[in-house]
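Colleague: I would like to learn how to read a model of this kind feature by feature. Could you take me through it, giving the general idea before each case?

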Amino acid sequence: MTETETTNSPASETSFRDQLGIVSKEGKRKWIYPKKPEGRFHRGRILASWILLAILFVTPFLRFNGHPLMLFDITERKFIVFGLIFGPHDYILFAIAMISTIVFIFLFTVVFGRLFCGWICPQTVFMEMVFRKIDYWIEGNPLRQKQLNDSSWTGNKIFKKSFKHGIYFFLSFLISNMLLAWIIGSDKLLKIITSPPSEHMGGLVAILVFTGVFHWIFGWFREQACILVCPYGRLQGVLLDRNSIVIAYDFIRGEPRGKLRKSEERVIGDCIDCHQCVDVCPTGIDIRNGTQLECINCTTCIDACDSIMDSVEKPRGLIRYDSIEGIEKKIRSLFTPRSIGYSILLIILISLLIYLVITRSDIDVTILRTGGMFYQEQPDDYISNLYDVKALNKTFESVPLSFKLKNVDGMISVLGDSLIVKTQESVSVKLFIMLRRDQIRSMNTPLQIEVLRNGEIAQIIETSFLGPVGGKE
């Protein structure tokens with residue numbers, strides 16, 4: 001989207017693009033004290049936040065067939081997604097899943113803009129629905145918060161700040177434990193919690209580090225995480241277009257803006273320039289300037305504007321979810337060439353991913369004749385070949401494997417102990433296959449080998465056997 005396209009009002013200036021709402025003219029941090037939001041969208045976000053928080057905190061403790069439902073154990077390179085376990089050997093699945101996720105983000109952003117940031121992003125959920133509400137509860141409305149911050153250190157200020165940051169620390173500690181549960185699993189986390197700290201210094205240090213990071217983000221860094229750090233916001237400029245649905249100000253209906261005056265027939269736009277949409281914005285922007293990098297689509301400006309429109313008996317929706325095309329031409333089209341292209345690509349990727357997951361075997365065994373080896377003469381008129389076996393176990397349990405010839409009579413002898421493959425591990429062994437000389441009909445005899453897992457066929461492998469044809473040479 002070009003600058004011209006995002007400039008809503010024909011009369012608007014673009015000087016706002018030269019500055020950030022969180023930085024003063026002197027280049028210092030400008031603290032944002034947004035007005036407490038109220039309205040139908042905010043109530044919807046509260047409900048969505050409770051659902052998301054429940055998912056975040058409960059999921060690590062859910063079990064499926066005795067195993068975690070979800071686990072992203074980076075340290076041991078073990079991942080469980082909806083009860084299915086994956087490891088480094090599934091790198092193709094990971095690659096396709098990652099590409100699918102990126103394409104989905106592109107598609108979602110092209111169609112719905114930054115909806116994810118306002119409704120789903122954990123940073124926004126925790127910041128606006130948890131920590132910001134603690135500010136309102138302990139320090140009062142935005143004016144009182146600012147007065148408290150600007151005031152000297154009194155007993156009342158020390159008490160409120162200590163109380164607030166005590167709760168911040170507790171919540172940050174809780175969030176870091178939740179994050180660790182997603183990474184190492186709830187069992188290991190409970191073990192760390194219930195055991196003496198000296199036995200799990202690494203885990204304790206990790207929890208405290210995460211706690212400190214979260215406390216710093218939600219207590220001080222705040223909206224800067226979205227504006228200065230998050231790469232997603234910076235993608236908006238290349239992903240959004242005139243058909244993308246974002247939170248937009250209807251400049252055709254609202255401009256020219258002007259204060260509402262009693263007993264005066266209004267001949268200008270519906271925007272009464274009350275500044276409420278700016279006062280509630282958690283990133284300090286004026287949505288009337290158009291789509292901006294700082295806008296996280298939190299909908300607070302919609303609720304604020306709707307409330308004002310109700311009070312002045314004007315239709316709601318001066319600020320709403322809409323596209324530039326929707327505002328200018330009253331046309332809202334979700335099916336644009338870009339969205340169709342991304343949709344087709346995403347369908348192909350997801351179909352491929354589903355196919356690979358469905359056809360994914362629990363055990364992968366390869367048997368190849370050892371390179372550089374010919375056949376060996378054995379007693380009792382037997383001929384043997386040496387093979388390299390590589391077995392990979394993708395299940396949760398250790399698996400004992402055995403082998404059996406299917407299409408010919410013969411013997412298989414695995415070198416070493418019995419073949420048991422531990423969970424998510426691979427092993428390599430060698431085995432001999434021996435056939436009687438009179439069974440060999442060609443120089444290269446086709447073989448079918450059954451791979452047995454607990455006595456049941458897990459895989460059938462085709463290979464070949466080298467040996468002299470006919471009588472003894």
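Modeller: Let us begin with G118, which lies in helix α4 (residues 115–119); helices here are DSSP runs of H or I with at least four residues, strands are runs of E with at least two, and both are numbered from the N terminus. This is a predicted model, in which local features need pLDDT of at least 70 and side-chain atom pairs count only at pLDDT 80 or more, while totals for chains, interfaces and linings use all residues. Residues are numbered from 1 along each chain as its sequence is written, and side-chain values use heavy atoms, with hydrogens and water left out.

Colleague: Is G118 buried or exposed, and with which residues is G118 in contact beyond its neighbours in sequence?

Modeller: Buried means under 20% relative accessible area, exposed over 50%, and partly exposed in between, with a 1.4 Å probe and protein chains only. G118 has a relative accessible area of 4%, and is therefore buried. Contact means heavy atoms within 4.5 Å, and, leaving aside neighbours within four places in sequence, G118 is in contact with R45, T124, I296, N297 and C298. G118 and C295 are 177 residues apart in sequence, yet their C-alpha atoms are 9.0 Å apart in space.

Colleague: At what angle do the axes of α7 and α8 cross?

Modeller: Axes are lines fitted to C-alpha atoms, for helices over the stretch in contact, and angles run from 0 to 180 degrees between N-to-C directions. The axes of α7 (residues 155–184) and α8 (residues 186–194) come within 7 Å and cross at roughly 130 degrees. That makes α7 oblique to α8, because angles under 35 degrees count as roughly parallel, over 145 as roughly antiparallel, 65 to 115 as roughly perpendicular and the rest as oblique. Where they meet, N177, L180, A181 and I184 of α7 face S186, K188, L189, I192 and I193 of α8.

Colleague: And the sheets: in what order do the strands β3, β4 and β5 stand?

Modeller: Strands of a sheet pair through backbone hydrogen bonds, either parallel or antiparallel; here two strands pair if DSSP finds at least two bridges between them. The order is β3-β4-β5, an open sheet with antiparallel pairing. Because β3 (70–73) and β5 each have a single partner strand, one side of each is left without a neighbour in the sheet. The twist averages 25 degrees from one strand to the next. Strand β4 (residues 78–81) pairs with β5 over three bridges, and F79 has F86 in β5 as its bridge partner.
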